[in-house]
Amino acid sequence: MVFTSNARQVAARNEALAAKHEAGDAFIALDLVQKDVAVLVTAFAGLDAGPAGLRLQRSFEPLERAGNQAAQTWIDALDAHDASLEDGRAEVRALREAQTAFRAAYAALSAAHRDLQQFAEEHRDVEAQVRKVWGQVAPRTAAARQALTKARDAVARVRAAGLTSPALDQRLASAEQAARPVLDGGAHKHGASATIEAAARAVDAAQEVVRAADELASLASDTPRRLSTTRTRLDAVSVRLDAAEPQLSVLRREFSLACSADLDDVPARGRALVAEAADLLASANRHAAAQHWEAAAADLAACRERLAEAETGLTAVRRRVDDLKDVAEDPARAKARTRFAVRDAQRLVVASGSRVPAREAGILDNLAARLDAADQLLDATKPDYWGYLKELRAIDQLTDDVVRRCREAISSQA
């Protein structure tokens, strides 16, 4: 009987130990998969996934609780029965209870492990998305750090050259601020998506700093020359301005009041623009003397805009005089150019046949008739060269419109 009792005890202990080892392996497997899934869920939430991330977290929470409860079942079984397995005098009944507890722990651990594995399988797309996004974090972060270093170096070179610029300093400060999420905690603190976006903003801001620093150095070397050339240009516009009124007088005296009506304000407007340009040029010189190169460049740009506007008006006056004199000298020559354009358009319409609207031929016929009737403007005691010139230009424009529409119609059928 003693032998039989010992044999039962050994067998019970072996079965309990086997159940313990099986449960222990299940506990390790559960711990690994639960940690992997938890990392996946946390990483997906770190992508700023919004509602999708929140849904994934909520669907994981009951599985996580089940895993924790199963793990606690294993721990409780160890606390309750591990001593019995070590006690060589443990009763068979105690060993059977240990076996039952470890098998129950194994069942709970295996069920939790199976549910977590199924969850991971169902969210393979999430895992791929997480790997893709998080794989961008390191290179994007490195690019931001490198760009910021280049920006700091560019500003340092400018300062070493004796150039100062509050605006450039502010740009660098803005770049540093944009890079703060990248440098302070990175993706683990701010999330992968937020960090990638911050890195992109930091790169853009840093590159803008480098561009501004290079531009500042260029301004410092180019501005003195541009000040000189702008002064020369201002003087030239002032000289041209003196000739504007006599040219307008030629238009009124030799041709008509109507031909100068849209240009009569050119001298007054030009004088105002030249005065503004002179003030801006003086301001640019003061800024340059103080080495405020950006401010000097801004004033120079505004000065040149005023001069360009004044030049446009003066050029219009001169061209009006030249055009009317050309027409008065040989009206037939101007008319011949327009007639050639009309006939060329007519040839295009005829050659295109049904590919262009039939009405275009009638339009060109009417324009040809208008061209012939334009001679009536020259039959008066004082020929209306301005009216004649405007009529030729109107016919030219309408002819160009016909040609454009025909080419569009042909192209649409190609």
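**A tour of rings and helices**

Start by selecting Arg347 and Phe340: the charged end of Arg347 sits over the ring of Phe340, 5.9 Å from the ring's centre. Keep in mind while you click around that this is a predicted model.

**Stop 1: aromatic pairs**

How many aromatic pairs does the structure hold? There are four. A pair of aromatic rings is described by the distance of the centres and the angle of the planes.

Select Phe60 and Phe119 and show their side chains. Their ring centres are 6.0 Å apart, and the planes make an angle of 45 degrees, so this pair is tilted. Now colour the helices: Phe60 belongs to helix 2 (residues 51–86) and Phe119 to helix 3 (residues 92–122). The two are 59 residues apart, and the pair links distant parts of the chain.

Next, pick Phe255 and Tyr385. This aromatic pair is edge-to-face, with 6.2 Å from centre to centre and 85 degrees between the planes. Phe255 is in helix 8 (residues 192–255) and Tyr385 is in helix 13 (residues 385–412), so the pair ties together parts that lie 130 residues apart in sequence. Are these two buried or exposed? Phe255 is buried, with a relative accessible area of 8%, and Tyr385 also counts as buried, at 18% relative accessibility.

**Stop 2: an aromatic cluster**

Select Phe27, Trp74 and Phe102 together, and you have one aromatic cluster. Zoom in on Phe27, which you'll find in helix 1 (residues 2–45). Phe27 is partly exposed, with a relative accessible area of 25%. Which residues does Phe27 touch, leaving aside its neighbours within four places in sequence? Phe27 is in contact with Ala71, Trp74 and Leu109.

From C-alpha to C-alpha, Phe27 and Asp344 are 92 Å apart in space, and in sequence they are 317 residues apart.

**Stop 3: two helices side by side**

Finally, show helix 12 (residues 359–373) together with helix 13. The two pack at an angle of about 165 degrees, with their axes 10 Å apart. That angle makes helix 12 roughly antiparallel to helix 13, and the crossing of these helices is left-handed. To see where they meet, select residues from each side: helix 12 contributes Ile363, Leu364 and Leu367, among others, while those from helix 13 include Leu392, Ile395, Leu398 and Val402.

How values were computed:
Residues numbered from 1 in each chain as written. Predicted model: local features only at pLDDT ≥ 70, side-chain atom pairs only at ≥ 80, totals over all residues. Heavy atoms only, no water. Phe/Tyr/Trp six-rings, centres within 6.5 Å; stacked < 30°, edge-to-face > 60°. Helix = DSSP H or I, 4+ residues; strand = E, 2+ residues; numbered from the N terminus. Buried < 20%, exposed > 50% of the residue type's maximum accessible area, 1.4 Å probe, protein only. Lys NZ or Arg CZ within 6 Å of the ring centre and 35° of its normal. Contact = heavy atoms within 4.5 Å. Axes fitted to C-alpha atoms, helices over the stretch in contact; angles between N-to-C directions. Parallel < 35°, antiparallel > 145°, perpendicular 65-115°, else oblique. Left-handed = near helix turned anticlockwise from the far one by under 90°.
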